Amino acid sequence: SQLFIKNLHFDGVPTRIYLPREASASKRRGVIFIHGGCGIFGSIRSYERTCRYIARKSDSVVVSVGYHLAPEHKYPAQTLECLTATVHFLKTAETYGVDPARIILCGDSVGGTFAATVCQELGQRTDIPKICAQVLIYPFLQALNFNLPSHQKNAAVGFLTRERTVHFIIKYLNKDCSLKEPILAGSHVPANINLKYRKWINPDLIPDVFKLGYKPPLPALFLPQVHEEVPELFEPWFSPLLAEDAVICGLPDTCIVTCEHDVLRDEGLLYKKRLEHNNIRVTWHHVEKGFH
């Protein structure tokens, strides 16, 4: 009863907009929400209560993006649709009573991946309003190392186990299931790439409090045939943690949410460290009893 809810298409991308019914003296804030689900599950409908709650509690106009799912719609269709919907809303925000300078991008899990990627893509653009901030809720950010402390600690926890994480990646990219074990071991990463990204993806960068009981794995045997099968894993559009510093420098203020019992916890911690190193303002919320 407090919201006006409407299904729309932003340049062909399905969206649902949630507008507070009560009149506002000034233009409202805007929230673009991108749902999780590994790129193969989830929908506008499954996040209906979440988006209503955000709109009511923050008195904001919320746009939920209904990107098409893989594998029927091949990667990177999902990222492209999120980018298209975001650009459309930035350009037309005032039509919905929204201040274009006060729009944030928010996503959970792979929705956080898409939000991070869209912000990286828009950071250098001057033809549209800037994203005010990004909110990344336990985002997936890299596919190089599945043996970080949080992967070990939470390998068998809850919905998103370590094994299932890679299983969903393979399903999302429509690859052969036989790739799962070598990717889990790290056999898809050549030595030169490991060396290049060690400054950003490294257990040594994780605070000691999160490394209790951690055992560094033995070096994996590199398998060139596996590497050639999954070039997508090394693209910043798939692994935003691999973006160059010149891209990271253009990011907006950021809020990162991590959960203790989550295989993806350390990716959030590593991204937080990278952003802070590049002088991006970061707010960090860690949910000690939280899980994915």
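User: Where is asparagine 174 found?

Analyst: This is a predicted model. Asparagine 174 is found in the loop between helix H5 (162-173) and helix H6 (180-185). Its backbone deserves a look: phi is positive, about 60°, although asparagine 174 is not a glycine.

User: Which residue in the loop between E1 and strand E2 (13-20) can I look at next?

Analyst: Take aspartate 11, which sits in that loop. Aspartate 11 is not a glycine either, as its name tells you, yet it has a positive phi of about 50°.

User: Is aspartate 11 buried or exposed?

Analyst: Read relative accessibility against the cut-offs: under 20% is buried, over 50% is exposed. Aspartate 11 has 57%, so it counts as exposed.

User: And histidine 35, buried or exposed?

Analyst: Histidine 35 has 1% relative accessibility, so it counts as buried. It lies in the loop between E3 and helix H1 (48-58).

User: What does histidine 35 touch?

Analyst: Leave out residues up to four places away in sequence. Its contacts then include Phe41, Tyr47, Val65, Tyr67, Leu69 and Asp108.

User: What is the order of strands in the open sheet?

Analyst: Follow the pairing from strand to strand. The eight strands run E1-E2-E4-E3-E5-E6-E7-E8, and the pairing is mixed. On average, neighbouring strands are turned by 20° against each other, direction ignored.

User: How many bridges join strand E5 to strand E6?

Analyst: Five bridges join E5 (residues 98-108) to E6 (residues 133-137), and these two strands run parallel. In one of the pairs, cysteine 106 has valine 135 in E6 as its bridge partner. Helix H3 (residues 110-122) packs on the sheet and touches strand E3 (28-34), E5 and E6. The direction of H3 makes about 140° with that of E5.

User: Why are H2 and H3 called oblique to each other?

Analyst: Compare the crossing angle with the classes. The axes of helix H2 (residues 77-92) and H3 cross at roughly 60° and come within 9 Å. H2 and H3 are therefore oblique. The crossing is right-handed. Contact residues include Cys82, Leu83 and Val87 of H2, and Phe114 and Val118 of H3. By class, the contact has seven nonpolar, four polar and one charged residues.

How values were computed:
Residues are numbered from 1 along each chain as its sequence is written. This is a predicted model: local features need pLDDT of at least 70, side-chain atom pairs count only at pLDDT 80 or more; totals for chains, interfaces and linings use all residues. Side-chain values use heavy atoms; hydrogens and water are left out. Two strands pair if DSSP finds at least two bridges between them. Helices (H or I, at least four residues) and strands (E, at least two) are DSSP runs, numbered from the N terminus. Axes are lines fitted to C-alpha atoms, for helices over the stretch in contact, and angles run from 0 to 180 degrees between N-to-C directions. Contact means heavy atoms within 4.5 Å. Angles under 35 degrees count as roughly parallel, over 145 as roughly antiparallel, 65 to 115 as roughly perpendicular and the rest as oblique. A crossing is left-handed if the near helix is turned anticlockwise from the far one by less than a right angle, and right-handed if clockwise. Ala, Val, Leu, Ile, Met, Phe, Trp, Tyr, Cys and Pro count as nonpolar, Asp, Glu, Lys and Arg as charged, and the others, Gly among them, as polar. Buried means under 20% relative accessible area, exposed over 50%, partly exposed in between (1.4 Å probe, protein chains only).
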